[in-house]
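Please read the points below with the structure open beside you.

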Amino acid sequence: MPTNPMFWRIVRRLLTGNYGRLFVILLALGAGAAVTSALLNLQMDAKRRLTTEFRALGANVIIAPRDTNTTSSGATLDEAVLAQLPSEYEGKTVPAVGFLYLIAEVTKDGTTRYEPAVIAGTVGRGLTEIRPGRRIEYSEALESDPSACEIGAKAAAQFNVQVGDTLLIQNQGRAAVCKVFAVVATGGTEDTQIFVRLKEAQELADLPGRISLIQLSVTGTPDSLNRFLSALAQKFPDADVHGIKQFAEAEGRIYNRISGLLSATVVLILVLTSLCVMAGMSNVAVERKNDVGLMKAIGGSVRRVLRLFLAEAILLGIAGGVAGSAIGLLISIWLGKAVFGVAAHPRWIVYPVSVAITVLVSIVSAFPLRRLASIRPASAFRGEA
Amino acid sequence: MFLRLVADSFTRRPRRKLLTLAALALGMAVATAALSVSLDVGDRLAREFRSLGANLLVTPQADSLPLEIGGVDYRPANAGAYLPEGDLGKLKTIFWRFNIMAFAPVLEVPVETWSPASKNWSSSGVVDRATLIGTWSGHTVPIPDGTTYVTGVEKTNPWWHVDGKWFAEGADECVVGSAFSIKFGAKAGDILNVHANNSTGWQKLKVVGILSTGGPEDNGIVAPIAVAQQLAEKPGQYRRVYVSALTKPEDAFARKDPKTMSPDELERWSCSPYVSSIAYSIRQVLPGTDVHVIRRVVEGEGRVLTRVRTLLWLVTIVALLAAALAVGASAAASVLERRAEIGLMKALGANSGLVGVLLAAEQLLLAFVGGGIGYASGIVLARVLGERIFGFAPAPKLFVLFLILALAALITLLGSAFPLRRASRYEPAPILRGE
């Protein structure tokens with residue numbers, strides 16, 4: 001860029017020559033920049049948000065012993081594995097719950113007919129995140145009871161129990177008592193199970209210190225989830241670590257759709273912006289014939305004249321981009337709130353990117369000014385077209 | 001003379017008008033495309049979410065408690081209740097039959113199995129226990145109204161990937177889970193021998209594909225339901241059926257108990273495809289069943305679907321606003337450029353009103369032409385975008401055309417109003433002098 005003060009003086013005059021037009025061009029560029037930065041930011045946020053939304057669907061990683069399908073007691077894992085799991089991944093807590101399953105004879109206190117049911121001993125943090133669905137009955141007061149247990153909706157109907165009732169559990173001569181503090185409905189197999197504390201289940205199954213499997217709910221993009229899986233698989237070579245694919249696939253697909261939609265909108269709006277600015281600039285070109293003729297007549301080179309207009313376009317782009325992108329980021333915070341219920345986190349990388357894009361659009365839209373290069377001073381002064 | 005002036009301004013400087021027209025047309029094309037896609041995409045998005053898998057589970061009402069651990073039911077084959085397979089066609093006769101996208105019955109049998117392929121110089125072959133899951137794949141279901149419907153587990157559980165192909169109905173074929181395939185060394189083309197605990201003979205099944213699901217099925221064998229029925233000695237029966245239905249996301253109203261609703265509310269409830277009302281109508285055609293809502297799927301689907309729909313509309317509004325701003329700006333610019341012309345007209349005796357009407361007429365003409373072109377190209381754009389992004393082409397809607405034309409006229413007039421008002425105050429003399 002030239003340091004010649006005259007150069008900048010001319011640029012200033014060019015810009016302020018017609019305030020109406022300056023405003024119009026800035027408006028178009030600013031609108032384009034705002035949309036670009038808002039949607040780009042939303043796009044980056046959508047990926048994170050969608051993963052969070054889908055994570056609300058429960059566990060997505062399972063750590064199981066290598067061979068599980070032989071018998072009901074089957075192979076088990078050491079309970080210590082649970083303590084070795086990372087409690088955080090990429091800054092988010094990772095709910096992890098160990099389960100020990102056994103089949104035991106169960107009856108409601110006061111009746112005598114025992115029926116088999118699946119007992120799940122649980123230990124760890126975040127059972128409600130791991131197990132989707134809701135508690136249709138719940139008593140907070142009873143939860144702290146040392147022998148508290150939860151019961152699936154279908155099992156509750158089968159045994160005719162409600163919150164506050166007591167269940168008797170028997171397995172091969174070992175017996176336990178538990179007090180129901182919640183009834184859960186998930187629509188899955190959990191509906192038929194009874195959830196007790198791990199210690200109790202281990203005593204019933206006579207498997208001290210053992211668990212059947214661990215379920216985790218890891219928040220992250222499919223890529224980072226895969227990294228997490230392979231890290232775990234390395235850490236526990238004896239266990240079978242796998243992801244639940246049911247939601248991963250739908251998640252990727254939906255993210256692609258959203259991202260495609262946002263990108264297409266950004267591209268369209270940018271083309272539109274540049275067309276509008278171009279329409280304005282082509283008028284500028286007509287108007288400046290005389291100016292350019294004069295500049296050339298007094299010895300300005302074509303290159304110098306073009307540099308002048310280029311500087312003008314860049315300045316316009318920066319002004320429109322800086323203001324528009326800032327507004328766009330604010331809009332995206334609001335958009336994030338409206339769509340995902342949580343304000344979108346502004347990514348600062350979006351800001352320079354969308355300013356740069358706007359400057360680029362502005363330079364491209366100054367294309368009609370190129371015609372001015374071929375003006376002959378003499379014919380311009382004679383008033384010829 | 002008026003018309004001639006308008007016509008002249010278009011023919012004399014076609015290039016200048018062309019750019020404004022192009023900006024207008026593109027702006028309106030963006031608006032058309034955004035509107036068409038948003039208006040049409042709601043239903044399609046719900047369909048997209050069916051890739052999450054079945055959202056309803058039907059089990060016998062008088063069933064004993066399933067003893068299911070890791071996808072394996074440890075109940076003996078003779079315990080618990082079964083349902084007749086022949087009734088399943090009735091699922092497509094319910095009020096919401098068009099919302100039933102797929103269904104597949106399941107009958108699980110614990111079996112012992114061995115594969116000759118696992119027999120080699122170092123081992124004599126593994127005989128071990130596994131679960132055989134009998135279900136449908138590409139099964140033709142007769143519907144009571146005389147038609148047929150093709151469905152199967154590959155539709156209810158679209159994330160199940162088969163390397164190879166699915167078994168053919170009526171053939172002694174099966175697909176095996178990926179973990180099973182490693183353990184037993186069974187590959188596509190191998191023969192697998194299975195027998196249930198209560199039978200003596202070995203049934204031969206040809207492995208035609210390797211299944212990977214990420215779930216307990218990875219350890220099992222999936223075969224036609226007829227094979228499972230034969231092994232379990234339960235001909236024509238199944239234990240549960242998974243149903244994949246298109247539903248409306250649940251809201252507070254959907255969670256109300258239908259028993260406590262007023263007649264009006266009940267009608268509204270049963271006329272909305274909530275998952276609970278679909279479950280209700282399934283229960284009516286399949287007596288003796290319990291219909292469970294698979295919460296994990298329904299809640300996730302509802303939540304994400306609502307989010308994506310809002311997003312779509314907001315993006316549409318943002319695109320509309322940006323298009324309006326850009327179009328308004330170029331309309332304003334096109335009036336601003338014509339100071340000299342306005343000055344001349346005034347010098348020749350035209351009053352401000354006439355100048356305003358003349359310019360407004362020009363802008364309106366531009367708006368209608370641009371809006372029309374924009375609508376036509378917007379429809380094409382919507383098709384391209386719809387097909388690339390959502391995999392379908394939205395149908396053109398006539399009312400969008402009117403909306404777009406009105407929008408174009410409004411925006412160009414609004415954009416021109418401000419410079420026009422200024423133009424009406426111009427003094428002709430300084431303008432003509434070039435000041």
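1. Axes here are lines fitted to C-alpha atoms, for helices over the stretch in contact, and angles run from 0 to 180 degrees between N-to-C directions. Helices (H or I, at least four residues) and strands (E, at least two) are DSSP runs, numbered from the N terminus. The axes of helix α11 (residues 302-340) of chain A and helix α8 (residues 295-336) of chain B come within 8 Å and cross at roughly 140 degrees.

2. The model is predicted, with local features needing pLDDT of at least 70, side-chain atom pairs counting only at pLDDT 80 or more, and totals for chains, interfaces and linings using all residues. Residues are numbered from 1 along each chain as its sequence is written, while chains are lettered from A and ligands numbered from 1 in the order in which they are written.

3. Which residues meet where α11(A) touches α8(B)? Leu335(A), Ala338(A), Val339(A) and Phe340(A) come from α11(A), and Arg307(B), Thr310(B), Leu311(B) and Leu314(B) come from α8(B). Being in contact means that the C-beta atoms of two residues, placed from the backbone, lie within 7 Å. This helix contact holds 6 nonpolar residues, 1 polar and 1 charged. Ala, Val, Leu, Ile, Met, Phe, Trp, Tyr, Cys and Pro count as nonpolar, Asp, Glu, Lys and Arg as charged, and the others, Gly among them, as polar.

4. The contact between the chains takes 71 residues from chain A and 62 residues from chain B. On the side of chain B that touches chain A, α8(B) provides the largest share, 23 residues. That side of chain B divides into 37 nonpolar, 14 polar and 11 charged residues.

5. A nonpolar core is a set of buried Ala, Val, Leu, Ile, Met, Phe, Trp, Tyr and Cys residues joined through C-beta atoms within 7 Å. A residue is buried if 20 or more other C-beta atoms lie within 10 Å of its own, exposed if 12 or fewer, and partly exposed in between, with C-beta atoms placed from the backbone. The largest nonpolar core has 179 residues, and Ala28(A), Val30(B) and Ile221(B) are among those with the most contacts inside it. To this core α8(B) gives the most, 22 residues. Another core, of 56 residues, lies apart from it and includes Ile62(A) and Leu65(B).

6. In helix α7 (residues 275-285) of chain B, the buried residues include Val275(B), Ile278(B) and Ile282(B). What do the buried residues of α7(B) pack against? They pack against β1 (56-60), β15 (240-245), α6 (263-270), β16 and α8 of chain B.

7. Chain A has 13 helices and 14 strands, and 48% of its 385 residues count as buried. The C-alpha atoms of chain A fill a box of roughly 115 × 40 × 30 Å, taken along the principal axes.

8. Chain B has 12 helices and 16 strands. Its radius of gyration is 33 Å, well over the 22 Å that the globule rule gives for 435 residues, so chain B is more spread out than a compact globule. The radius of gyration is taken over C-alpha atoms, and the globule rule is 2.2 Å times the number of residues to the power 0.38.

9. For chain B, the domain assignment gives domain 1 (2-46 + 304-433) and domain 2 (55-293). Such bounds come from an automatic or database domain assignment. Taken over C-alpha atoms, the centres of domain 1 of chain B and domain 2 of chain B are separated by 56 Å.
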